[in-house]
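Please read this briefing alongside the sequence and the model shown next. It covers selected loop residues, charged side-chain pairs and backbone angles.

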Amino acid sequence: QVQLVESGGGLVQTGGSLRLSCAASGRTFSGYAMGWFRQAPGKEREFVGSISWSGGNTYYADSVKGRFTISRDNAKNTVNLQMNSLKFEDTAVYYCAAGRSPSLSGSPDYWGQGTQVTVSS
């Protein structure tokens, strides 16, 4: 059974930082890109960023470029999202995802359950 389990969410003040982690299990993710989406209340789920299997390519939404950084450790089957200079509008449920497309375009094959990030103004 494939599982993506997120951790690291929480409450932070504007301008603060959080680090999300996602642990994958249940199969090998060789060749899979991994990344993050988010969904704010009343809004559609949106792409945040992704990283290719090799780690050589990263993709970010314009809204988070320069503030968020994705990294991965293939030996541990984990992907991380370092979020700095957080804004109120970053408040959302963050979902880990895995898929064949490096930019996670289309619908990723696997999803985590989500972790809440709340940025207080």
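**Contacts of N84**

Leaving aside neighbours within four places in sequence, N84 is in contact (heavy atoms within 4.5 Å) with G16, S17, R67 and F68. This is a predicted model, in which local features need pLDDT of at least 70 and side-chain atom pairs count only at pLDDT 80 or more, while totals for chains, interfaces and linings use all residues. Residues are numbered from 1 along each chain as its sequence is written, and side-chain values use heavy atoms, with hydrogens and water left out.

- N84 lies in the loop between β8 (78-83) and β9 (92-99), where strands (E, at least two residues) and helices (H or I, at least four) are DSSP runs numbered from the N terminus.
- With a relative accessible area of 29%, N84 is partly exposed, a class that falls between buried (under 20% relative accessible area) and exposed (over 50%), as computed with a 1.4 Å probe on protein chains only.
- The side chain of N84 makes a polar contact with the side chain of S17 at 2.9 Å; a polar contact is a pair of N or O atoms within 3.5 Å, of which, within protein, one must be able to donate a hydrogen and the other to accept it, and residues adjacent in sequence count only if both atoms are side-chain atoms.
- N84 and G66 are 18 residues apart in sequence, and their C-alpha atoms are 8.7 Å apart in space.

**Salt bridges**

- The structure holds 4 salt bridges, each defined as a side-chain nitrogen of Lys or Arg within 4 Å of a carboxyl oxygen of Asp or Glu.
- One of them joins the side chains of R38 and E46 at 2.6 Å, N to O; R38 counts as buried at 6% relative accessibility, whereas E46, at 36%, counts as partly exposed.
- The side chains of R38 and D90 also meet in a salt bridge, at 2.9 Å, N to O, and this pair links distant parts of the chain, with R38 in strand β4 (residues 33-39) and D90 in the loop between β8 and β9, 52 residues apart.
- Both R38 and D90 are buried.
- Through salt bridges that share partners, R38, E46, R67 and D90 are joined into one network.
- A salt bridge is also formed by the side chains of D62 and K65, at 3.2 Å, N to O, and both D62 and K65 are exposed.

**The loop residue S52**

- S52 is found in the loop between β5 (46-51) and β6 (58-60), and at 8% relative accessibility S52 counts as buried.
- The side chain of S52 reaches the backbone nitrogen of G56 at 3.4 Å.
- Not counting residues up to four places away in sequence, S52 touches A33, N57, R72 and P102.

**Positive phi angles**

- Most residues other than glycine have a negative phi.
- N77 has a positive phi of about 55° although N77 is not a glycine; N77 lies in the loop between β7 (68-73) and β8, and is buried, with a relative accessible area of 18%.
- S85, a residue other than glycine, likewise has a positive phi, near 50°; S85 is found in the loop between β8 and β9, and is partly exposed, with a relative accessible area of 38%.
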